[in-house]
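Reader: Please show me the model, and let us then examine its packing by question and answer.

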Amino acid sequence: MKRVMIKVAYDGTGYHGFQAQRGLATIQGELTRAVFLLTGEEVDIIGGSRTDAGVHSMGNIAVFDTDSRIEPANFSKALNTKLPGDIVVWCAKEVAGDFHPRRRASRKIYEYTVLNSEYDIPVYSRYSHHVRRKLDISAMEEAAKRFEGRHDFTSFCTLTNDTRDMDRVRTIFHAGTAMDEREESLLRFRVEGDGFLYNMVRIMAGTLIETGLGRFTPDDITRMIEGKDRRLAGHTAPAKGLCHMETIFLESE
């Protein structure tokens, strides 16, 4: 028995998130199905980032245990023959048997893309949130910096039965906004942290958008964090603009 780690990129548009749900198409479900078709084994896929419905990823981490004779590094090519075209395993390797992607200290990087133009552009609309009114980018950049540090992010979390009793303190190492170098109408909000709560990045992005539209000021972000009340923050931005970019483990895999 060996543990294989894979890095998975996917277009989340047609999926109900990463985590398997009965009767619904999910990334975890498709990966489990692909491993079964390839090896005949019913494995437990453990994901590193349980992205929400409609959210994309450039390289989510997942592990599974297998008795297959397939060399770990060859699982990427083999699994891709069994996966739909909007899910690609682009790296695979063997890791220690106790390696768990959610229990290892890591930094996760997410990026939210806004198309700030008069008209929506079809080639971008699948992966960005269209905002017609002109945004104040400097106000958004100043506001984004207020997220940095170790805070209780209750105001930026959708509470559910599963998350209501969860510790909501997280560290944000970097948060910032920047215009795309090649397409001046694309604005990207990039945030790096030690972990994120349910809908946290989308609420941060929605709040920044409302800051860019003049509803909030950068000082309001500080008050929202201190207030620990979801009603203080802005709207939850649509899922399609969010992409998990990378997970960086802080210790050897």
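Reader: Is Phe 156 buried or exposed?

Author: This is a predicted model, and the class of a residue follows from its relative accessible area, with buried meaning under 20%. For Phe 156 the computed relative accessible area is 0%. Phe 156 is therefore classed as buried.

Reader: How are the rings of Phe 147 and Phe 156 arranged?

Author: The two ring centres lie 5.2 Å apart, and the planes meet at 90°. An angle over 60 degrees is what the edge-to-face class requires. Phe 147 also has 0% relative accessibility, so Phe 147 counts as buried. Given its plane angle, the pair of Phe 147 and Phe 156 is edge-to-face.

Reader: Which residues do ring pairs link into a cluster?

Author: Phe 147 and Phe 156 form a ring pair, and both belong to a cluster linked by such pairs. The members of this cluster are Phe 147, Phe 153, Phe 156 and Phe 189.

Reader: How many aromatic pairs does the structure hold?

Author: Ring centres must lie within 6.5 Å to be counted as a pair. On that basis the total for the structure is six aromatic pairs.

Reader: How many residues apart are Phe 64 and Phe 75, which form one of these pairs?

Author: The pair is edge-to-face, at 5.4 Å centre to centre with 80° between the planes. Both Phe 64 and Phe 75 are buried. Phe 64 belongs to strand 3 (residues 56-66) and Phe 75 to helix 2 (residues 75-80), so that the pair links distant parts of the chain, 11 residues apart.

Reader: Over the face of which ring does Arg 107 lie?

Author: For a charge to sit over a ring, CZ of Arg must be within 6 Å of the ring centre. Arg 107 is placed at 3.7 Å from the centre of the ring in question, which belongs to Phe 173.

Reader: Within what arc do the buried residues of helix 6 fall?

Author: In helix 6 (residues 218-227), the buried residues are Pro 218, Asp 220, Ile 221, Met 224 and Ile 225. Seen down the helix axis, they line one face of helix 6, because their directions fall within an arc of 145°.

Reader: Against which elements do the buried residues of helix 6 pack?

Author: Packing here rests on contact, meaning heavy atoms within 4.5 Å. The partners of the buried residues of helix 6 are helix 4 (137-145), strand 7 (149-152) and helix 5 (200-212).

Reader: What is the radius of gyration of the protein chain?

Author: A compact globule with 253 residues would have a value near 18 Å. The value for the protein chain agrees with this, at 19 Å.

Definitions and conventions
Residues are numbered from 1 along each chain as its sequence is written. This is a predicted model: local features need pLDDT of at least 70, side-chain atom pairs count only at pLDDT 80 or more; totals for chains, interfaces and linings use all residues. Side-chain values use heavy atoms; hydrogens and water are left out. Rings of Phe, Tyr and Trp (its six-membered ring) pair if their centres lie within 6.5 Å; planes under 30 degrees apart count as stacked, over 60 as edge-to-face and the rest as tilted. Helices (H or I, at least four residues) and strands (E, at least two) are DSSP runs, numbered from the N terminus. Buried means under 20% relative accessible area, exposed over 50%, partly exposed in between (1.4 Å probe, protein chains only). A charge sits over a ring if NZ of Lys or CZ of Arg is within 6 Å of the ring centre and within 35 degrees of the ring normal. The arc is that of the directions from the helix axis to the C-beta atoms. The radius of gyration is taken over C-alpha atoms; the globule rule is 2.2 Å times the number of residues to the power 0.38.
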